[in-house]
Amino acid sequence: MPTILDATVVNQAYDTSGNGGRKLVRLSNGWLVAAVFDSSNNKLKFYKSEDNGNTWAFLIEENATSTGFSIISKGNRVYFVYAVGSSVLHFWFDADNTAVSGRTSIDVSQTSTGNVSLAINESGTELHAAWASKNSTYPNSF
């Protein structure tokens, strides 16, 4: 594998901060997919590289107001979970056609959420997500 120095994914300052959550995955077709948060217009943006990180191209974007997110892949499908306000949401897309599917709320009615992480089991049959949240039952703890 060649060493790539100073590769540019995007030419703007996007946020990839957060506790844990993976922001870069390799698909079975060899592509790299990176996820970033564009705070200037509240969008989660995905970029792909078909040449091992030498060049990057825009893939898709999703409206969001959160920097707490994580991605994982199986095959050419990218799974995504993110925390926003009082909820944690999930969706997925196939990198081949980029049609977003499976938009689902997986945690609601929290006072605050954040610090999201996502993993997939070894056989690829289960997604495992973790996040910090607080609610009225435990208002002083995450």
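Colleague: Taking buried as under 20% relative accessible area, exposed as over 50% and partly exposed as in between (1.4 Å probe, protein chains only), where does serine 117 fall?

Modeller: Serine 117 is partly exposed, with a relative accessible area of 30%. Please note that this is a predicted model, in which local features need pLDDT of at least 70, side-chain atom pairs count only at pLDDT 80 or more, and totals for chains, interfaces and linings use all residues. Residues are numbered from 1 along each chain as its sequence is written, and side-chain values use heavy atoms, with hydrogens and water left out.

Colleague: Which strand does serine 117 lie in?

Modeller: Serine 117 belongs to strand 9; a strand here is a DSSP run of E with at least two residues, numbered from the N terminus.

Colleague: And what is serine 117 in contact with, leaving aside neighbours within four places in sequence?

Modeller: Its contacts (heavy atoms within 4.5 Å) are Gly21, Ser70, Val81, His128, Ala129 and Ala130. Isoleucine 72 is 45 residues from serine 117 in sequence, yet their C-alpha atoms are 9.3 Å apart.

Colleague: Turning to the aromatics, how many pairs are there?

Modeller: Rings of Phe, Tyr and Trp (its six-membered ring) pair if their centres lie within 6.5 Å; planes under 30 degrees apart count as stacked, over 60 as edge-to-face and the rest as tilted. By this rule there are eight aromatic pairs. One of them is the stacked pair of phenylalanine 69 and phenylalanine 80, at 5.7 Å centre to centre with 25° between the planes. Phenylalanine 69 lies in strand 5 (residues 68-74) and phenylalanine 80 in strand 6 (residues 77-84), so this pair ties together parts that are eleven residues apart in sequence.

Colleague: Is phenylalanine 80 buried or exposed?

Modeller: Phenylalanine 80 is buried, at 0% relative accessibility. Phenylalanine 80 also pairs with phenylalanine 91 in a tilted arrangement, 4.8 Å centre to centre and 35° between the planes. Phenylalanine 91 is in strand 7 (residues 87-94) and phenylalanine 80 in strand 6, so here too the linked parts are eleven residues apart in sequence.

Colleague: What is the bridge partner of phenylalanine 80 in strand 7?

Modeller: That partner is phenylalanine 91. Strand 6 and strand 7 pair in the antiparallel sense over eight bridges, where pairing requires that DSSP finds at least two bridges between the strands.

Colleague: What order do the four strands of the open sheet follow?

Modeller: The order is 5-6-7-8, with antiparallel pairing. Strand 5 and strand 8 are at the edges with a single partner strand each, so one side of each has no neighbour in the sheet.

Colleague: Which residues form the aromatic cluster?

Modeller: The cluster consists of Phe46, Phe69, Phe80, Tyr82, Phe91 and Phe93.

Colleague: Which ring does the charged end of arginine 77 sit over?

Modeller: It sits over the ring of tryptophan 92, 3.5 Å from the centre. The criterion is NZ of Lys or CZ of Arg within 6 Å of the ring centre and within 35 degrees of the ring normal. Lysine 23 likewise lies over the face of phenylalanine 69, at 4.6 Å from the ring centre.

Colleague: Last topic, the backbone: what is the phi of asparagine 42?

Modeller: Asparagine 42 has a positive phi of about 50°, although it is not a glycine. Most residues other than glycine have a negative phi. Asparagine 42 is in the loop between strand 2 (32-38) and strand 3 (43-49), and is partly exposed at 34% relative accessibility. Serine 109 also has a positive phi, near 60°; serine 109 lies in the loop between strand 8 and strand 9 and is exposed at 62%.
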